[in-house]
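User: I have a new structure open and have not looked at it before. Can you walk me through it?
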Amino acid sequence: MPDNARHHVRRTLHTGDRLMLLVIDKLLSSEEVAQYRAELDAAPWIDGLATAGTLSAAVKDNEQLDELSPLAIRLGNEIVRRLGTNPLFIAAALPERIYPPKFNRYAGGGHYGAHVDSAIMRVADANLTIRTDLSATLFLCDPDEYDGGELTIEGEYGASSLHMVTPVTRGARVCAFLWVQSMVRDEGKRTLLFDLDQSIQALSGGLAKDDPNLLQLTGVYHNLLRRWAVV
């Protein structure tokens, strides 16, 4: 992955697994981003070390919103609801569970050195455990608001890969981030289903809804999903 992952407009969600990096533009409107930022910029931020693991504590230097604060919960719930209505996200992630979004900020040289996300995360309040099949970052800032802060990934994409955020030398990089447990655990199968879904969507624009070939492909998709999904 090139070191310019941040050079997309605000309202952008990056969601990656080991075989695919997907960019979803305009998940939020400009007005919604402005509202989020006004509230986030006025909120108290805490040291990101509060949620760092034993190894990541040595390489983590950022700020986070208290994940149990009313603001974090409200904005996080809004993001989850929006993702639930986004066809591209649903097709790519096939989400079974979503870890409640967190919010972080990098400024004044803040960075996050090379690390791997935990394979299993627990949502204590909901008494749930989530397998982190995919990770996603929602950018709540324009690229020209800060320098540095590139998300770099070593090797294949995904939560299972070593990745880092380079130091932010000007301005602030403000994002929401989350993890997804997919109904289809295997990333290769999930990618095949996504490619098939996108092909069906492309073909459906020029074919009648009852076209036998289109119906057959749709049946293949659902039969594969039925075979591979665990719900």
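Analyst: What follows is a short tour, from the overall make-up to single residues. Keep in mind that this is a predicted model.

User: Fine. How many helices and strands does the protein have?
Analyst: The protein has 5 helices and 15 strands.

User: And what share of the residues is buried?
Analyst: Of the 231 residues, 45% count as buried. The accessible surface is about 11500 Å², and carbon and sulfur atoms make up 54% of that surface.

User: What share of the contacts comes from residues 24 or more positions apart?
Analyst: Taking contacts with a separation of 6 or more, 70% are between residues 24 or more positions apart.

User: Salt bridges next. How many are there?
Analyst: The count comes to 9 salt bridges. One of them joins the side chains of arginine 82 and glutamate 32, at 2.7 Å from N to O. Arginine 82 belongs to helix α2 (residues 70–83) and glutamate 32 to helix α1 (residues 30–42), so this pair ties together parts that are 50 residues apart in sequence.

User: What does arginine 74 pair with?
Analyst: Arginine 74 forms a salt bridge with glutamate 39, at 2.3 Å from N to O. This pair also links helix α2, where arginine 74 sits, to helix α1, where glutamate 39 sits, and the two are 35 residues apart. Arginine 74 is partly exposed, at 34% relative accessibility. Glutamate 39 is partly exposed too, with a relative accessible area of 26%.

User: What about arginine 37, what does its side chain meet?
Analyst: The side chain of arginine 37 meets glutamate 145 in a salt bridge of 3.1 Å, N to O. Glutamate 145 is in the loop between β11 (134–139) and β12 (146–148) while arginine 37 is in helix α1, so the pair ties together parts 108 residues apart in sequence.

User: Why does arginine 37 count as buried?
Analyst: Arginine 37 counts as buried because its relative accessibility is 14%, and buried means under 20%.

User: Switching to α4. How many residues does that helix have?
Analyst: Helix α4 covers residues 187–204, which is 18 residues. From first C-alpha to last, α4 reaches 26 Å, close to the 26 Å expected at 1.5 Å a residue.

User: What caps its N-terminal end?
Analyst: Aspartate 186 does: a side-chain oxygen of aspartate 186 lies 3.0 Å from the backbone nitrogen of glycine 188.

User: Which residues of α4 are buried?
Analyst: Among them are Glu187, Arg190, Phe194, Leu196 and Ile200. Leucine 196 has a relative accessible area of 17%.

User: What does leucine 196 touch?
Analyst: Not counting residues up to four places away in sequence, leucine 196 touches Leu217, Val220, Tyr221 and Leu224. Leucine 196 and tyrosine 221 are 25 residues apart in sequence, with their C-alpha atoms 6.8 Å apart.

User: Where is leucine 217?
Analyst: Leucine 217 is in helix α5 (residues 212–228) and is partly exposed, with a relative accessible area of 31%. Together with Leu203 and Leu207, Leu217 forms a nonpolar patch on the surface, with about 210 Å² of accessible area in total.

User: And serine 182, buried or exposed?
Analyst: Serine 182 is buried, with a relative accessible area of 2%. It is found in strand β15 (residues 168–182). Beyond its neighbours within four places in sequence, serine 182 is in contact with several residues, including Leu94, Arg131 and Arg190.

User: Back to leucine 94, then. What is its phi?
Analyst: Leucine 94 has a positive phi of about 45°, although it is not a glycine. Most residues other than glycine have a negative phi. Leucine 94 is found in the loop between α3 (87–93) and β6 (95–98), and is buried at 4% relative accessible area.

User: What about lysine 26?
Analyst: Lysine 26 has a positive phi of about 60° and is not a glycine either. Its place is in the loop between β2 (20–24) and α1. Lysine 26 is exposed, with a relative accessible area of 59%.

Methods: Residues are numbered from 1 along each chain as its sequence is written. This is a predicted model: local features need pLDDT of at least 70, side-chain atom pairs count only at pLDDT 80 or more; totals for chains, interfaces and linings use all residues. Side-chain values use heavy atoms; hydrogens and water are left out. Patches are made of residues with over 30% relative accessible area and no salt bridge: like charges are joined within 9 Å, nonpolar side chains (Val, Leu, Ile, Met, Phe, Trp, Tyr) within 5 Å. Accessible areas come from the Shrake-Rupley method with a 1.4 Å probe; for residues, only the protein chains shown count as cover. A salt bridge is a side-chain nitrogen of Lys or Arg within 4 Å of a carboxyl oxygen of Asp or Glu. Helices (H or I, at least four residues) and strands (E, at least two) are DSSP runs, numbered from the N terminus. Buried means under 20% relative accessible area, exposed over 50%, partly exposed in between (1.4 Å probe, protein chains only). The expected span of a helix is 1.5 Å times one less than its number of residues. A polar contact is a pair of N or O atoms within 3.5 Å; within protein, one must be able to donate a hydrogen and the other to accept it, and residues adjacent in sequence count only if both atoms are side-chain atoms. Contact means heavy atoms within 4.5 Å.
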